[in-house]
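Here is a short briefing to keep beside you while you look around the model. Take it one topic at a time, with the viewer open.

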Amino acid sequence: MKLKGWKELTPGVVILEAGNAAEFKTGSWRAFKPIWIEENCIQCLFCWLYCPDMAIKVKDGKRAEYDYDYCKGCGICALECPGKKGQKAIVMVEEGK
Amino acid sequence: MARVVAVTGNEAVAEALRQTNPDVCAAYPITPATELMQRFAAFVSNGQVDTELILVESEHSAMSACIGAAAGGGRVATATSSQGLALMWEMLFIASGMRLPIVMPIVNRSLSAPINIHGDHSDAMGARDSGWIQLWSENGQEAYDNTIQAFRIAEHMDIRLPAMVCMDGFIISHSIERVEYLEDNEVRNFVGEYKTLNPLLDIDNPKSYGPLILTDLYHEYKRAQHEVMTRVKGVVLNVAEEFEKISGRRYGLFEAYRLDDAEIALVILNSAAGTSKDVIDEFRERGIKTGLLKPRLFRPFPYEEIADALKHLKAICVLDRADSFGGYGPLFAEVSSALFQVRERPKMINKIYGLGGRDFLPHHAEQVLSELVDITKTNKVRIVKEYIGVRE
């Protein structure tokens, strides 16, 4: 993305377009990556509910794959995941491993 | 037709606020600005203005509420002094960074410690780098006139910056002087209907104020802010020209008093300039070519114009009613910077006077002018910075 020069800026640092948070991809902040293990998933959708960003996708009322563009790797989904019979459906894995 | 009245400086500025009829005013009382807002609050209670007056719990909140109201899309004013301005400090930069044209009369008062309620310029000088426009006023008339003009300057679509209008605490704020008021309709026509720029309350066009801007753009936003300041001088002069048409009173970036053929001169802000002019006249009667320069626009500082007005002199003294401990007085620092850029320049000295409301008397001006006469004879500066009117 080409950054703006000082003559192109809106006075007073006002952002004139609403709803543009989707353009700010924060996935690169991640140090730990959540991995979804579908066979352990009971479709409770707690992960979708607890995700503070928009990284968990739901399709036709069912849990779908992560959108890693918005996952900062906070690990809340993995913590909240009840799993199936003690087996977590979300585990955190160090990035780069 | 102008109305001639006998009023305090505070009363005159409160009248200017009544006539400009801001949408919102958030204020907290502090001596010596209290009377100004108390009188304005009476206008609100009596239904003489449409202003929503927000009574807050501190000056920090007052400025915060003003910022919100201005971002919302209203014409906004407040007033303060001294510790109140100091408490607003972090919000001042937010008002200017967001380019919100808030108008704020400052009734200049010293800063603690030791606590002192009387007039000096420490408060406003402490805010000189906050990105606000600063207009300074010698007397009640100038404070009234500057307040009205400040709305036009701040709200100008090429500017959109907050503006302070400074006058000396007690010496001007609480002294009764002759002031000429304009008629209400003249002031209302002059300031005009408030024009908004990206107001938050335009709910059909949602927008965000106050985003986080890091290393990728912050430097560019500050460069843009500097650019806006460079346009202020032109707007100040245009507004002054229009103001002269309705008032008959002429304003510039500064006042030059008997300066054209002068050899020595004083540079001094606000009320002490009035005292000094009498002494300048006495020196003139004795055949000594003496003059005075009184800055009106201190931020942005008109470096080229002031250098141009002073460069022909042999010696000048810049008098500061504020100190920068371990540095030169703030006005002296600016005037020396301005003159450094010209090849032939006068000898310069700096006197600190009148802190905490200590009287500046004609004999102080006389003492300084006599020292300047000596400097023109010997071509030697004894000491650059010195306190005057101080007991040993």
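Predicted model: local features only at pLDDT ≥ 70, side-chain atom pairs only at ≥ 80, totals over all residues.

Chain A has two helices and four strands, while chain B holds an open sheet of six strands. The two chains meet through 19 residues of chain B and 12 residues of chain A.

**Chain A**
- Following the sequence, the elements of chain A come in the pattern β-α-β-β-α-β.
- The radius of gyration of chain A is 17 Å, whereas a compact globule of 97 residues would have one near 13 Å.
- Its C-alpha trace spans about 60 × 30 × 20 Å along the principal axes.
- Of the 97 residues in chain A, 18% count as buried.
- Looking at contacts in chain A between residues at least 6 apart in sequence, 62% join residues at least 24 apart.

**The sheet of chain B**
- The strand order is 9-11-10-13-14-15, and the pairing is mixed.
- Strand 9 (254-257) and strand 15 (385-387) of chain B are the edge strands, each pairing on one side only.
- From one strand to the next, the twist averages 20°.
- Strand 9 of chain B runs antiparallel to strand 11 (residues 290-295) of chain B, and four bridges join them.

- Helix 10 (residues 271-285) of chain B touches strand 9, strand 10 (264-268), strand 11 and strand 13 (315-320) of chain B. The direction of helix 10 makes about 165° with that of strand 11 of chain B.
- Helix 13 (residues 362-378) of chain B also packs on the sheet, touching strand 10, strand 11, strand 13 and strand 14 (347-352) of chain B. Its direction makes about 135° with that of strand 10 of chain B.

**Helix 12 of chain B**
- Within helix 12 (residues 330-340) of chain B, the buried residues are P330(B), L331(B), F332(B), E334(B), V335(B), A338(B) and L339(B).
- Their cover includes helix 6 (122-126), strand 10, helix 11 (303-310), strand 13 and strand 14 of chain B.

**Where the chains touch**
- On the chain B side, 19 residues are in contact with 12 residues of chain A.
- Helix 9 (residues 218-247) of chain B gives the most to this side, with four residues.
- The chain B residues touching chain A divide into 10 nonpolar, three polar and six charged.

Key. Residues numbered from 1 in each chain as written. Chains lettered and ligands numbered in written order. Contact = placed C-beta atoms within 7 Å. Nonpolar A, V, L, I, M, F, W, Y, C, P; charged D, E, K, R; others polar. Pairing = 2+ DSSP bridges. Axes fitted to C-alpha atoms, helices over the stretch in contact; angles between N-to-C directions. Buried ≥ 20, exposed ≤ 12 C-beta atoms within 10 Å, placed from the backbone. Rg over C-alpha atoms; globule rule 2.2 N^0.38 Å.
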